[in-house]
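Trainee: Could we go through this model together, strand by strand and then ring by ring?
Mentor: Gladly, ask away.

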Amino acid sequence: DEEDNQSQIGVGLKANLSDMFAISGAASFGSNVTYSDGENEPDAGNGWEASAAIVATLSDSVSAELGAGFSSYEEEDDDGDVTDTTAVAGGIFWSPASQLKMGVLASWVNREEDIGSQSEGYDDTQAAFVTWWSF
C-alpha cells in the first residue's frame, strides 16, 4: 500500500550565542507524510517544514522562548491541493526545582489550503498554562 511508504529526512542545529541566549533551527523534507490540511483534517503528501527558535535564560529559574515555523505540503492525489501552515509561539517559564517547569504559552497558527483556483483556511490563537514534571 502506497500510504504505508512514508519517508522524511531532516536536520537541526543549535548554537549558544552566550550564557543568556541560544538559537536553534530545523528543516525537513518528506514524501507521503501525514499532515493537517486547511480544514484541519489528516492528509498525506509531499512537502517540507522549517522552524527556528530563540531561548533567553533570564535568571537561574526563568526563561523566555520565541519560535516560528512554516510548512508546505502537496496532497498525494492528482488534484494538486497545497496546504501552507505558518505558526508562531512564545512563552515565559519558571523552574523552581530541577524536576519542575511551569509557565504561560501563547501561539498563533494560520493554515491555508489552495484547492485548484480556490483558497480556504483558518487562523487559530491559543494561550495555555503549562507544567512539566521530569523524573
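Trainee: What stands opposite K14 in strand 2?
Mentor: K14 stands opposite S24 there. Strand 1 (residues 7-16) and strand 2 (residues 21-36) pair in the antiparallel sense over 10 bridges, and a hairpin of four residues joins strand 1 to strand 2. Strands here are DSSP E runs of at least two residues, numbered from the N terminus, and two strands pair if DSSP finds at least two bridges between them.

Trainee: Before I go on, where do the numbers come from?
Mentor: This is a predicted model, in which local features need pLDDT of at least 70 and side-chain atom pairs count only at pLDDT 80 or more, while totals for chains, interfaces and linings use all residues. Residues are numbered from 1 along each chain as its sequence is written, and side-chain values use heavy atoms, with hydrogens and water left out.

Trainee: OK, and how many bridges join strand 3 to strand 4?
Mentor: There are 13 bridges between strand 3 and strand 4, which run antiparallel, and A50 has F70 in strand 4 as its bridge partner. Strand 3 (residues 42-57) also pairs with strand 2 in the antiparallel sense, over 14 bridges.

Trainee: Switching topic, is E75 buried or exposed?
Mentor: E75, which lies in strand 4 (residues 62-75), is buried yet has no salt bridge. Buried means under 20% relative accessible area, exposed over 50% and partly exposed in between, with a 1.4 Å probe and protein chains only. A salt bridge needs a side-chain nitrogen of Lys or Arg within 4 Å of a carboxyl oxygen of Asp or Glu.

Trainee: Which side chain of opposite charge is nearest to E75?
Mentor: That is R111, 12 Å away; Lys and Arg count as positive and Asp and Glu as negative, with His and the chain ends not counted.

Trainee: And how many aromatic pairs does the structure hold?
Mentor: It holds three. In one of them, the ring centres of Y35 and Y73 are 4.9 Å apart with planes at 10°, so the pair is stacked. Rings of Phe, Tyr and Trp (its six-membered ring) pair if their centres lie within 6.5 Å, and planes under 30 degrees apart count as stacked, over 60 as edge-to-face and the rest as tilted.

Trainee: Where in the chain do Y35 and Y73 sit?
Mentor: Y35 is in strand 2 and Y73 in strand 4, 38 residues apart, so the pair links distant parts of the chain. Y35 counts as buried at 8% relative accessibility, and Y73 is buried with a relative accessible area of 2%.
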